[in-house]
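Please open the model in your viewer and keep the sequence panel beside it. The stops below say what to select next and what is there.

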Amino acid sequence: MAGGCFGLCGLLRRKRKNRRGPGAGPAQEPEEEVQHFQPLQQDPGQDRPEEQDRARGRLRRAVQRLLKFMGVRRRAATTALPELMAQPDTSAAELEVEPDGSTAPSVCAASHDMAPMDGTATTDVETADGTDTTNMAAIDCAASCDMATLDGTDTSDMAPTDCREICDMALMDGTATWDTALTDTETRSDMAPIDVRAKADTTAEGITNTDCMSMHSVTDVPSLGVLEEKTVSNPNEVPAIVRSIHQWLTCQESAEVRPPIAIRRLAHAHPGHVVMSLLHCAPACDRAAAILWRTIASLATTAHKVLPTLLRVMEDWPLHSVSTSDGDHVDVFALAATLALWLMVQEPQCQDALLVHAPRLLLALLCQVSMSTEQMPEEVSTFWRGCQEQHGLPTHPNSFVVQTIRALLCRLQWDQELVSVERKRGWDTLLSADTHHYAVGLLAREMHCVLGPSYGPLARHLLGLLSREGPRWELPALAFLVEVLDYLDVSTCHDSVLQMLARHLQSQCPERRRLALRGLLVLSGDPSMAKGICSLSEHLLELLRDGDGELVAMTLSTFLNVLQDEKDREGLSSTAPRLAEALRPVFDNDNSHVQLLSICLFQEVMDLLAEEGTEPWEMQVRQSLVPLFFHWHDENQGVAEAAREALLWAASFLQRKDLEQLLKTEQPFRFCDYLMEKDVSRRGEHLQQALPYLQSPQEPLREAAVRFMGVAGWHMRERQQDLWPILKALTAMSDDDCPSVSNMRAALVATYSRAMRTPRAPLRRPMSLQQPPTTAQGPLLSAAAAPADAGPN
């Protein structure tokens, strides 16, 4: 660059020699050692105004030609200029000359090896009288008009006072910052725009003119300097200012443009108005809007103020219908706010603000995933296609929202939770409409460690949303509420939470019923909620007939929790008889956990009824004896022990000391024999209850059922019509893999078939029933001996 400058100076000197003519003296030659240049001296001939004016005009034209020529040279440069910034001189003299707040320096003593500053070139400029002013830096284009006088002295401290000189030069200061503003309205309106080609040259050289208005910008955009200094107290002015700033940035061609800090001050003072105005004027977040959102997020206090408004827009799917303060009634898509949040999350400075609003942000994003997965209006699809093409985002909005959730967790440094959800395939589950609510519950559980203190307010917020008429995203909100219901202070919202759960308990959607029941199960652990849950017992009884084992198990657990409190169990007194009746079929549920819970609950209910007397409830207890007898042989030891305990309680309730003794000594088949012998009027009913266990998937239960048929047949031998159901059931019984069961079945079929053909033939007890083999099923079956007095009369 130095060589180029010396060549350029030689060209200028030759031109000036020609203009002075042959009589002019030779110009002073520059010294060969350029590193010993002397600084410019003050002009001693300031009493020559006319010559000075003429020299000034010539110098101005020379500088214009110089800059034009330098533009060509700089395009050919192969190396970028060093990024050195001149420090502004904030002396009182400069402030007096530059009242418009410009930060451009007025004096710069440059050496030959100093890089050009503020976008101007250092060169050798010769004054009219031949004085050498080598290495003079033209720092400010406006100030460069007065840099030299007739005798070559430096007057660079002088600033132009006539705006027309600035307009004639049409030069723009490259050092001006975003805070720079012209105070003279006439100067701003008369100033001509810079040539686009000159700006392209500057950009190619690596110098960014950040405050330069493009020639394509509109004339009604106010100066950003005015916006920086202006204090906006009227909210109605905010939309126009936001649009002006956005329009200004849109006109900027540089990719490295610095955003105006006015948007942060404006967002801090009027956060809601700024958010809505920016969403209205740039819903798809173009380049200018993206810069503004990230600028807002770069200050933690400002980000904290704008996030609540963004949240309200995000939660209002698909459109938010709040107008701006200037009357703009255009609705805003909830996805537009999510796109703005995605841009803000990329700024590290907003981490603290995001942490404060993290629970509601996470919830709003989860609900957006659900809504965008299940229903996508055409206008939302059209809007999203524009956003997707502009930012290179995922094709479907729900994938983008999941991407935003992951970015939020990364920004908050919740890496462990992020990895845990990833390991459990939570993100894939979240994108499926059928499994979305499961993923919401998973995320709520995984976030427990980091969001636990915030779950109380979040639970109240969710309860308020679900209590509204016709909420649009009940399922994910209910799934999240169930996971945080432990943190809810039910003393302040006792009735509202019960009403909400009761409404979902009667829903036709099975998943809503399941989630509502889970909520009741959580609340049943609170003694203060027991009475309210008892009022919902009718709805809970209907769920006991559901085929979903998990649903039935939660219903049984809810009843058990309510019955734990002696004071609150009285609320179930009116429902207890029907509850006991509904529990008997549940004993045979395929789920062993459901069997265990139902038997335990049955004992609790019957104990509650026994407090009111034995007469009304004796029938319920007698009908439970046979099912409990068979589950005494269950493969699940927990179920078997619970059935034995329930039988002991029932025998005590019925005052059957004989049955109690057999149960204590673990003689199950003597128990069956005594039961059939004493309950003569109920033998047929006991037989009908035993027949289904011949087809039980459990081998011990099938074996017990075959033995029961033998005992029942012996006690019912007097009437052949009573033997027919037994013979039919044994014949229909499929082949069994257990040899003992097959042998007993074959012996019983042969005996009862012979008795049916010859009515007067004596019916003997099969040997297999007199001496039951010892099995590996435990002491219950090994102790099953036939009655000692067995045999025909």
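Begin by selecting helix H18 (residues 415-423) together with what covers its buried residues, which includes helix H17 (397-411), helix H19 (426-430), helix H20 (436-446) and helix H21 (448-451). Helices here are DSSP runs of H or I with at least four residues, strands are runs of E with at least two, and both are numbered from the N terminus. This is a predicted model, in which local features need pLDDT of at least 70 and side-chain atom pairs count only at pLDDT 80 or more, while totals for chains, interfaces and linings use all residues. Residues are numbered from 1 along each chain as its sequence is written, and side-chain values use heavy atoms, with hydrogens and water left out.

Within H18, colour Glu 417, Leu 418, Ser 420 and Val 421, which are the buried residues of this helix. They lie on the same side of H18, because they cover an arc of only 165° around the axis, the arc being that of the directions from the helix axis to the C-beta atoms. Turn to the other side of H18 and you will find Gln 416 and Arg 423, which are exposed. Buried means under 20% relative accessible area, exposed means over 50%, and partly exposed is in between, with a 1.4 Å probe and protein chains only. Just after H18, Arg 425 takes a positive phi of about 55°.

Next, look at two further residues with a positive phi. Most residues other than glycine have a negative phi, and most peptide bonds are trans. Cys 285, in the loop between helix H10 (271-281) and helix H11 (287-297), has a phi near 55° and is buried, with a relative accessible area of 0%. Glu 666, in the loop between helix H34 (657-664) and helix H35 (668-678), also has a phi near 55°, but Glu 666 is partly exposed, with a relative accessible area of 24%.

To display where they meet, select Arg 644, Leu 647, Leu 648, Ala 651 and Ser 652 in H33 with Leu 659, Glu 660, Leu 663 and Lys 664 in H34.

Now select Leu 596 in helix H30 (residues 592-610), where this leucine is partly exposed, with a relative accessible area of 27%. Leaving aside its neighbours within four places in sequence, Leu 596 is in contact (heavy atoms within 4.5 Å) with Gly 638, Val 639 and Ala 642. The C-alpha atoms of Leu 596 and Asn 636 are separated by 9.2 Å, although the two residues are 40 residues apart along the chain.

The peptide bond leading from Trp 317 to Pro 318 is cis, with omega near -10°.

Finally, show the whole protein chain, whose secondary structure comes to 41 helices and four strands. Of its 793 residues, 52% are buried.
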